[in-house]
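Here are my notes on the model, written as numbered points. Have the viewer open while you go through them.

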Amino acid sequence: HGYLDYTSSHLASCMDSIPYSQILRLRRICSQDEVPHTRSSQMASLFRERGFPSPTTDEARTRVSSTPRNTALSPHSPTCKQGRVLLVITFHPTSRQIHT
């Protein structure tokens, strides 16, 4: 599988959201309740092989398992914070000195 290695130079928040979004994707595409549970366990193992912490994958599985399929299938609109100035820069691990 081509999942990113957890030690790659990406924001921690970005890396931590990958297991959740992929397991939620399973929830959306599987119509039977048993299948996402089994497959999410397999997917969590794959993420752990790529260095993702167990608490991150376990939390993702817990959050998704408590999400009804109808809710997972319904579209949502991202919330935008008005009046916020965005700073777009190339990420580098040493750039963590920039605080929000």
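1. Let's begin with a charge and a ring. Arg-63 sits over the face of Tyr-20, 3.8 Å from the ring centre. Keep in mind that this is a predicted model. Both residues turn up again in the contact between helix 1 and helix 3, Tyr-20 on the helix 1 side and Arg-63 on the helix 3 side.

2. On to that helix pair. The axes of helix 1 and helix 3 cross at roughly 35° and come within 9 Å, and the crossing is right-handed. Helix 1 contributes Asp-16, Pro-19, Tyr-20, Ile-23, Leu-24 and Arg-27 to the contact, while helix 3 brings Thr-56, Thr-57, Ala-60, Arg-61, Arg-63 and Val-64.

3. Thr-56 deserves a look of its own. Setting aside neighbours within four places in sequence, Thr-56 is in contact with Asp-16 and Pro-19.

4. Next, helix 1 (residues 12–29) against helix 2. Their axes are 10 Å apart and the packing angle is about 155°, which makes helix 1 roughly antiparallel to helix 2. From helix 1, the contact uses Ile-18, Pro-19, Gln-22, Ile-23, Leu-26 and Arg-27; from helix 2, it uses Pro-36, Arg-39, Ser-40, Met-43 and Phe-47. Helix 1 passes helix 2 in a right-handed crossing.

5. Then helix 2 (residues 34–49) against helix 3 (residues 54–65). Here the axes come within 10 Å and cross at roughly 160°, so helix 2 is roughly antiparallel to helix 3. The crossing is right-handed here as well. On the helix 2 side the contact involves His-37, Ser-40, Ser-41, Ala-44, Phe-47 and Arg-48, and on the helix 3 side Ser-54, Thr-57, Asp-58 and Arg-61.

6. Which rings pair up? A search of the whole structure gives two aromatic pairs. In one of them, the ring centres of Phe-47 and Phe-52 are 5.0 Å apart with the planes at 70°, so the pair is edge-to-face. Both Phe-47 and Phe-52 are buried. Ring pairs join these two residues and Tyr-6 into a cluster.

7. Tyr-6 comes from the segment before helix 1. With 24% relative accessibility, Tyr-6 counts as partly exposed, in contrast to the buried Phe-47 and Phe-52. Leaving out residues up to four places away in sequence, Tyr-6 touches Met-15, Asp-16, Arg-50, Gly-51, Phe-52 and Pro-53.

8. Last, Phe-91, which is located in the segment after helix 4 (69–73). How far is Phe-91 from His-10 in space? The C-alpha atoms are 7.0 Å apart, although the residues are 81 apart in sequence. Phe-91 has a relative accessible area of 24%, so this residue is partly exposed.

Key
Residues numbered from 1 in each chain as written. Predicted model: local features only at pLDDT ≥ 70, side-chain atom pairs only at ≥ 80, totals over all residues. Heavy atoms only, no water. Phe/Tyr/Trp six-rings, centres within 6.5 Å; stacked < 30°, edge-to-face > 60°. Buried < 20%, exposed > 50% of the residue type's maximum accessible area, 1.4 Å probe, protein only. Lys NZ or Arg CZ within 6 Å of the ring centre and 35° of its normal. Axes fitted to C-alpha atoms, helices over the stretch in contact; angles between N-to-C directions. Helix = DSSP H or I, 4+ residues; strand = E, 2+ residues; numbered from the N terminus. Parallel < 35°, antiparallel > 145°, perpendicular 65-115°, else oblique. Left-handed = near helix turned anticlockwise from the far one by under 90°. Contact = heavy atoms within 4.5 Å.
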